Amino acid sequence: MELDSTPVVSRIANLGMDSAEVYVVLTSQSALFGDSSLVLSAGEIRDIGWGRYWQLPPVSSLEGDSLTLQISLSYWGLEPDPDTLSEETTITFDLRERTNVFGAITGQHDVSTVPAHIDFYCEGYPDSVWTSVDISAGESYTNGIRPLLAGSNRMVITTPLRYMNEDRSFVTIPGNTDPFDIWLTSSDVILIDDDNGADYQTYIVSSLDQLSLNTRVVTGAPTAEMSLAAVERIVWMTGDDATTTLTTADQTLLTNYLSAGGGLLLTGQNITDDPANEQFLADVLHCQPDRDDTDRPRAYGIGGLPPVDGQFLLLLGSQGAGNQNSPSSLIPLDGGTICFLNDTTDLEMCGVYGVHGLGKFIFLSFGLEAASGMAGSTSRAEFLDIALNAIATDVPDGSPPIPSQLYLEPAYPNPFNSSVEIVWTAPIGALRMSLEVYDVLGRRVAELFQGQSPAGTHRVTWAAADEHGIPVSSGTYFVRLHAPAVTQVRTIRLVR
Ligand SMILES: [Ca+2]
Ligand SMILES: [Ca+2]
Ligand SMILES: [Ca+2]
């Protein structure tokens, strides 16, 4: 019996001037071996199993353009043949092959590059960061120190709060330098999920989603490093937390944010109850504490006031968080205008709005997450729509118009059974581009388009066959649109 003569694929991962990290992966499983694993040796013996990477000891003293390794493969068979089989395999690496990415990250607020942190995850290492980079304004990046493995990789981009974070899959091709140019989407609203670990933010998120707003959720209070500069609107919720609603650092951050022209909707049933918040409430939100628990789960918007006119929030019911054990009341001070009462006859007040510096705020001494929208009351989404418009300010952001861009649409259907439609749009002005399909090992499977794309929307169907017309097997593939300074990838899955 003989071993499959080509059971290994190998990769150079970290190629320095005189050393290299070499990875080997077993990929072609002969029926002969069933579920068993091979043992692979190059100085040491390691059981690596099918489809898994194995890192050889670092190779040093590289010379020339190639590196040749002798690898012996051994198999201890139990079935059908109990004998040990072995075979020598030679792998030659082209040391000129390395996989790099470079690029820039821009967003509509900034003419220059956006400062962003990128974590790269490599195929075979989906759970640990392969390499990271911080891209500062005006810089691009080439990861020459730790090239990525060729294959299906992923980049997670953490951006300033004014943008949405991004999580993208992309394909790197051995020997290529792959460009990325990422255009970030602005966040419409920042939700500060400061409910001390509870899940009440889900009620607010679902309502913001109904309004089709790009919501960036920050878990816990923002750190000093998270720049609120040019963030237009914040919803800050403290849930039923009673001990750490707003820290001194939070108060400073909110004060500076409002002074600079931000818009704030602050909501929480115990914010006024903490004596540590009293000075902040008086100086910035123009109110003072009243009772810590009114026992009235309702809020009536005062007629004629733009932020709340005619609204009635019911803080009971299964469509809300059901967490209002202690809605508080407050008393407005100079500069604060009352906007919510918790009863139609009583005059206990539970909402105030006003300005501080250049900014606008609405403060609710109850939890908006509990507003259920039931029994004819105003829904959370309706209230948020009105409130967020009321606190919107004109933050100057110098936005240039969004340029027309090449765009690869999500594939449909996906997963697909026999064929999939790929759609892209191209801006005015002929662009030379390619549209190709790659497998998870980074091998090109099919070319769908090559040349100058006319402006407009274009469609092409891929019938799940390779360049020789031979059907490809089930699995994950990547559609890659590539043009100067543009690379976009869509993941598709073939299920036969
Ligand atoms: Ca939470
Ligand atoms: Ca807090
Ligand atoms: Ca309270």
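**Exercise 1.** In this predicted model, determine which residues of helix H1 (residues 201-210) are buried, and on which side of H1 they lie.

*Solution.* Begin with the burial of each residue, where a residue counts as buried if 20 or more other C-beta atoms lie within 10 Å of its own. By this criterion Gln-201, Tyr-203, Ile-204, Ser-207 and Leu-208 of H1 are buried. Next, consider their directions around the axis: they cover an arc of only 160 degrees, which puts them on the same side of H1. Then look at what these buried residues pack against, namely strand E16 (189-193), strand E17 (215-219), strand E18 (233-237) and helix H4. Finally, follow the chain beyond the helix, where H1 is followed by Ser-212, a residue with a positive phi near 55 degrees.

**Exercise 2.** Identify which residues touch the most other members of the largest nonpolar core, and which helix gives the most to this core.

*Solution.* The largest nonpolar core has 55 residues, of which Val-235, Leu-264, Phe-361 and Ile-362 touch the most other members. Helix H4 (residues 380-391) gives the most to this core, contributing five residues. Taking Val-235 as an example, and leaving aside residues up to four places away in sequence, its contacts are Val-189, Leu-191, Ile-192, Ile-204 and Leu-265.

**Exercise 3.** Work out the order of the three strands in the open sheet that contains E28, and state which strands stand at its edges.

*Solution.* The order is E27-E28-E31, with antiparallel pairing. Strand E27 (407-408) and strand E31 (456-462) each have a single partner strand, so one side of each is left without a neighbour in the sheet. Between E28 (residues 420-426) and E31 there are seven bridges, and Ala-426 stands opposite Gly-456 in E31.

Methods. Residues are numbered from 1 along each chain as its sequence is written. Chains are lettered from A and ligands numbered from 1 in the order in which they are written. This is a predicted model: local features need pLDDT of at least 70, side-chain atom pairs count only at pLDDT 80 or more; totals for chains, interfaces and linings use all residues. A nonpolar core is a set of buried Ala, Val, Leu, Ile, Met, Phe, Trp, Tyr and Cys residues joined through C-beta atoms within 7 Å. A residue is buried if 20 or more other C-beta atoms lie within 10 Å of its own, exposed if 12 or fewer, and partly exposed in between; C-beta atoms are placed from the backbone. Helices (H or I, at least four residues) and strands (E, at least two) are DSSP runs, numbered from the N terminus. Two residues are in contact if their C-beta atoms, placed from the backbone, lie within 7 Å. Two strands pair if DSSP finds at least two bridges between them. The arc is that of the directions from the helix axis to the C-beta atoms.
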